[in-house]
Amino acid sequence: MPDALHPDNLPATAFYLLAVVAIVASILVVTRRNPVAQAMNLILTLLSLAGIFALLQAHFVAAIQILVYAGAILVVFIFVIMLLNLSDEEIGPPRPSIAKGLAVLLVAAMIWGAAVRCADDVLAIPAATLDPGSYGTLASVGLLIYRDYLLAFELTSLFILIGIVGAVLLASRKVSGGGDK
Amino acid sequence: MIPLEHVILLSAVLFGIGTVGVLIRRNLIAIFMSIELMLNAGNLAFVGFARQYAGDGAHAVVLFIVVLAAVEAAVGFAIVVAMFRNRGTVNADEVNLMKG
Amino acid sequence: MLEFVDAHILTILILFPVVGAILVALVSSEDRDLLLKGTLGLTLAEFLISLHCVYRFDEGTAAVQFGERYRWIPEWGVTYCVGIDGISLWLVLLTTFLTPLVILSAWHAVEKRLKAYLLCFLLLESTMIGALVALDFVLFYLFWEAMLLPMFLLIGVWGGQRRIYAAVKFMLFTMVGSVLMLVAVLWLYFEHAKVHAPSTNLLDLYGMSIPFQAQCWLFGAFALAFAIKVPMFPLHTWLPDAHVEAPTGGSVILAAVLLKMGTYGFMRFAIPLFPEAAEYFAPALCALAVIGIVYGALVSFVQPDLKKMVAYSSVSHLGYVMLGLFAFGLCGAQGGLMQMLSHGLTTGALFLCVGMLYERRHTRLIEDYGGIATVMPHFAILFVIITLGSIGLPGLSGFVAEFLVLVGAFGMEDRRFAIIAGTGVILGAMYMLSMVQRVLYGPTANPKNQVLKDLSGREIAVLAPILVFILWMGIQPGTFLDRSAASIDHWVTERSDYRLEFRPVRTARGEADGEAAAGAEFCFTPLPLGENRVRVGEEGRQVALPPGPSPDGEGRRAGHDAH
Amino acid sequence: MADSLHWIPLLPLLGALFCATVGRLLPKICSGVVAVLAVGFAAAVAFGSAWHVHEHGAIVSRMGDWIAVGPLKIGIDLAMDPLSAVMCAVVTGVGFLIHVYSLGYMAHDAGYRRYFAFLNLFTFNMLVLVLAKNLPLLFVGWEGVGLCSYLLIGFWFEDPAKASAGKKAFIVNRIGDAAFVMGMLLLFWTQVQATGVTGGSLDFSDLQEKRSLFETTSWGGWTVGTVAALLLFVGACGKSAQLPLYVWLPDAMAGPTPVSALIHAATMVTAGVYMIVRMNFLYTGAPAAMAVVAWVGASTALFAALIAITQTDIKKVLAYSTISQLGYMFLAVGVGAFSSGIFHLTTHAFFKGLLFLGAGSVIHAMSGEQDIRKMGGLYRMLPYTCCTFFVGAAAIAGFPLLSGFFSKDEILWAAWQSPRGGPALLVLGGLTAALTAFYMFRCAALAFLGASRASEEVRHHLHESPPSMVLPLLLLAVLSVVGGALGLPHALGATNFMGHFLEPVIVSPVEIPHPHTALAELGWMGAASAVALAGMGFALWLYPRKLALAESWAGSWRRLHALSSNKFYVDELYLLFVVLPLRAFSFVCWKIGDGLMIDGAGVHGIAGAVKGGGNATTSLQTGNVQHSAILLWAGGAVVLGAFLWLGGFA
């Protein structure tokens, strides 16, 4: 039996598996022309990430990821795509102009450079041992939210309110008359 | 045991792909999706580090980021809908009122 | 009351027009008569006050008189310090003398927005006097920039067709120069603050010894700022445009006083502060001055426009002033000062005459005129006398000034400047007389000229006082020269280590020579009682005074006679 | 009389002020009379002071100081020594006669008051010039007379030609004056540099004492004395219309004739000679300068005489004759015969004033006609004018025993015998004497003798001038005849009064040997009168009757005649080589210097550059969202990169 499936390094192989899935899916999100295909691939990416979260002991976050992110936000995505009944985007292939390509390469190189530069001195700090019971669980994160970060939490509610008002205002038919053309 | 640098690497790659999506795609919806990707890459990095240094505070932050993503999607789509109704297109190139 | 006026005469001279301006602002703009009469009254009162200044002026000393020094921003050592000496006395007189005449000349000339026009002049007068008497760099710079605003408005609002272009050009030219000057001032300030107590007071900065290399840069900055204002040869193109577009009153004050700010700046700031650099650059600046003389004369020879011609002649006349100053001789400097006054009077009067012609014919082109003498004999007589004064006919002010400048310039080791400046005298006669002939003599062919009416009583009243002074300066220049002799002599002989003794005004209250005023540290920021009062001595040494009543004995005597 | 010196110039000044101000209100005749009286009283005081000077020597009157700055001290001081006594007498005497003459001449002219105001102002300035005790005050009078000649030449300023003649006169004088100032400054600074700050003074007496200083210090290769003398001589050329700067005098005839008589014959033009005689110590110390003076004088004399013989305008003939006679005076001064120069100046004032006034009365009678070809046969209608004119012509030609004969004879003798002179100068002088006799009598004959060539209605208006004009003519005629007595040579047993009177003024006189025996003197006088009579005879023989012969001669030497009558095209040359290039150069300075270089390149250039820069950056602002995103990223990347490269997080 290959050591990959060996019980104590099972999580690592799971992680790599999920990582590959996430990367492939996100590439597809970016390159597919059909919006629905894009959405589906995005959902796949999110789910794989949720898996990774779980592997990293962030169980609550993984749950939230699946529930809120994949479940709610992506549904809205699909809903809007259906509402606008978008046809395939454009006939021609996505025309990545050289400038944009260069910019992307530059950015990727930057991020990789940053990662490498800080990786060695950051990673020098030894990994802390975790107490699986109390880490990443609903209880611990809940405590955090309602004790340490209470203000931030309340602010998010305000944040959401503004979002709702904005969305309603922008999208409502009455205001659209303001459009000039 | 998942090595941290791989998690960070994954996060960087996802973030890069998201950026490419934002810069290349002409369709606003595609741009929004790419932004979602970038946000998720961020979340992954948070969780990765949290796992390494047992700082579960990051989980709260990830939560807030998810909220942010939600609100952003909502407002974004409102704009897209308004624009679609006015301009009949969601193509980013046609919308250049801000020309200098 | 008189004692108060005596003690603060210069501040009064500066603030009186501002208060006047406020009063005039209250008058309704329909009531033209009251506006004009009121402003005229105010400016005449200002002139009387300045006469008082001349009367009380002590010829014997080169010290700064009627001095007032108050602490303005103690932290940085910025003082409100004003004083007048032989160099600035007559320029202040010129300002206060000409402004009422300009108001008188604007009786019918200005129709639209008369009130704003008069306000501009009152503010202009106050800022000009401020700049002339300020002895603190911050104060001087404030007035130096404030002076531009009213003139900018005068040219920009009441000007001719291309007034906006001219006003902006005038503003930018001066701004560029003064910004560089500001940099130099800051350098000086910080250099001074290293050794002495921080102070922007000119009297303290005079004593500084600056390495030659730095002196050259600083002198360059100051010289550029003032050369633009003078205007010297390559930097003069703003003057003809500003003059052509400015209203009559504006161009009179611009020519008579604003141009003198440049030469006054050289005399007060650039040369005394950086003597070695001044000596080093003297040949170059003399060359520019001489080129200016010939170039100004030649170009005004072919000008079709009267005002532009007189403007270029100003470039030529002020070339003489610069030549006089940089000859570093007593005759040269006195000649320069006289030329400043004589040019102020003659060119001011010329602009007034051109204004009178413009008021009648609304054109400035010489070929539109011809044979004016037959139609307007009084005007012709006055115009010819003023022109002769301007080209330096002996017996009129121009000759005394130019002769002294030539004597001064001839004393320099390189006599070529004097010889070329001498030819300037010929060119001067050429362009002025050819202009007089084309305007006054010949047949009055143009029908519009035949119906022109001669000068009214008011217009003669405008020109007559100027003529009196032109004759007075020509026949008896002693009255003007003697008052500035001590200061100029001090300026010439002690140029390498130039210091000015600061003499506050003599209060009649029996105080021995104004100690009370010197000791009293009245300042805008009230001092907490008992705090150790610091009095900045003349040399910038901090003389710490024991708290309590004004000191007697050692402290006072040390401060007073150690100039 | 000693302390009333300052009244001499002040009286005409008060007269001028009266005419200019109060006179405007009173009837015309008042200002005329006041002006005449002012000059009359001035003449009286002048003669009184002259007599006092003759008896007791120089008088000085100080009236405060004018400019006192450091080393430079100039006082308003007047002084009368024998030289200024003679000049004062001439100026006020001839001036008075011309003022009386003007009463009639200008009787019906509109600008009557203005004319007399200017004439009095001129007399004031001339007297200041003559009586000044220091060089700057002399210069004040010098420029003052220049101004008055400008005002009087352009008196009828409605006519542009006359106005520009006035302007031309002033500008040419100004060129001379600029050199004069340079000379003054040189003298002043040489003293200051030699004796330290306090040493500078421009009083004639001080200059006289320091003359050795001028001969020793050198500047630019020559001695200071020579350079200063030459500079002052250029000023004199400007004022006394010598060769390079004479062009203004013929045009100055545009002024009223009495003005020409007073200013351009008797007084102003002689100011140059007076100045050189006043500065004789400077000139005797600079032989090179004296040689220049002599040769310029002689060549001007000949040059002007050559032009005068073909002139047709009566006043132009007299103008060129004046230039020629002035050339004589400079010749005399140039060879060191200062007193004979002044003597000729005096006699010249008499007969040239007479000739001009005669010409004036002819023009007055011919109602403005000045061309001698249209005159003729005036002896019938204008007997007095004719006689006096002929007397004047004879005097100037050098008719024996008249004033001109003696003064010119003395000059020719000096030119020949003086150590500074030479035979060449004598030849020039003699030739000019002959030409002078010829053109004077040509003009007189054409004007007065023979048949009248005037048009009918002009001939109808012919009338003798009123007494107020004729009286001065008679007086001047008498003076022209008797004038010679002032300087009778030794041969005729009289002491040379003028020579002795001016003795104290000449500091180190040039020794001119007198003719040894009476016989040599008589012989010399005979030769001189022979030359004069030849010229006169030839002219009288040729002109009234043989006009056609003269025309034919003129035809045969057409080019020569054209050359002379067109004044050797000097005016055109000046225009071509001085005025036009100057105007062109100034136009270039204005349009290219100011227009293109300073304004165009400098000011607008910079403004244009700034605007261009601004336009370039706007192209970055495309509306496209993605472009902005890229910019955002690029910026972020650069900043991050720089941060990391420079130090990173450590």
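Q: How many helices and how many strands does the secondary structure of chain A come to?
A: This is a predicted model, in which local features need pLDDT of at least 70, side-chain atom pairs count only at pLDDT 80 or more, and totals for chains, interfaces and linings use all residues. Residues are numbered from 1 along each chain as its sequence is written, while chains are lettered from A and ligands numbered from 1 in the order in which they are written. Helices (H or I, at least four residues) and strands (E, at least two) are DSSP runs, numbered from the N terminus. Chain A reads α-α-α-α-α-α-α along its sequence, and its total is seven helices and zero strands.

Q: What percentage of the residues in chain A are buried?
A: Count the neighbours of a residue, using C-beta atoms placed from the backbone. Buried means 20 or more other C-beta atoms within 10 Å of its own, exposed means 12 or fewer, and partly exposed is in between. Chain A has 181 residues, and the buried share is 27%.

Q: Which two chains share the most contacts?
A: Chains A and C have no contact, and their closest C-alpha atoms lie 38 Å apart. Chains B and C have no contact either, with their closest C-alpha atoms 27 Å apart. Four pairs of chains are in contact, and the pair that shares the most contacts is chains A and B.

Q: Which element gives the largest share of the side of chain B that touches chain A?
A: The contact takes 74 residues from chain A and 61 residues from chain B. On the side of chain B, the elements that give two or more residues are α1 (4-24), α2 (28-53) and α3 (57-87) of chain B. The largest share is 23 residues, and this comes from α3(B).

Q: How many residues on the side of chain B that touches chain A are charged?
A: Sort the residues by class. Ala, Val, Leu, Ile, Met, Phe, Trp, Tyr, Cys and Pro count as nonpolar, Asp, Glu, Lys and Arg as charged, and the others, Gly among them, as polar. This side of chain B has 43 nonpolar and 11 polar residues, and its charged residues number seven.

Q: Which residue is the bridge partner of Glu68(C) in β2(C)?
A: Strand β1 (residues 64-73) of chain C runs antiparallel to β2(C), joined by six bridges. One of the paired residues is Ile73(C), with Val78(C) as its bridge partner in β2(C). For Glu68(C), the bridge partner is Val82(C).

Q: Which residue of β3(C) stands opposite Gly67(C)?
A: β1(C) is mostly covered, with seven of its 10 residues buried. Over two bridges, β1(C) pairs with β3(C) in the parallel sense. Gly67(C) stands opposite Pro504(C).

Q: What is the relation of α3(D) to α4(D), parallel or antiparallel?
A: Axes are lines fitted to C-alpha atoms, for helices over the stretch in contact, and angles run from 0 to 180 degrees between N-to-C directions. Angles under 35 degrees count as roughly parallel, over 145 as roughly antiparallel, 65 to 115 as roughly perpendicular and the rest as oblique. The axes of helix α3 (residues 82-105) and helix α4 (residues 112-131), both of chain D, come within 10 Å and cross at roughly 170°. The two helices, α3(D) and α4(D), are therefore roughly antiparallel.

Q: How does α13(C) lie to α26(D), parallel or perpendicular?
A: Helix α13 (residues 275-301) of chain C packs on helix α26 (residues 570-618) of chain D at an angle of about 100°, with the axes 8 Å apart. Among the residues that meet are Tyr295(C) in α13(C) and Trp590(D) in α26(D). The angle makes α13(C), relative to α26(D), roughly perpendicular.

Methods. Contact = placed C-beta atoms within 7 Å. Pairing = 2+ DSSP bridges.
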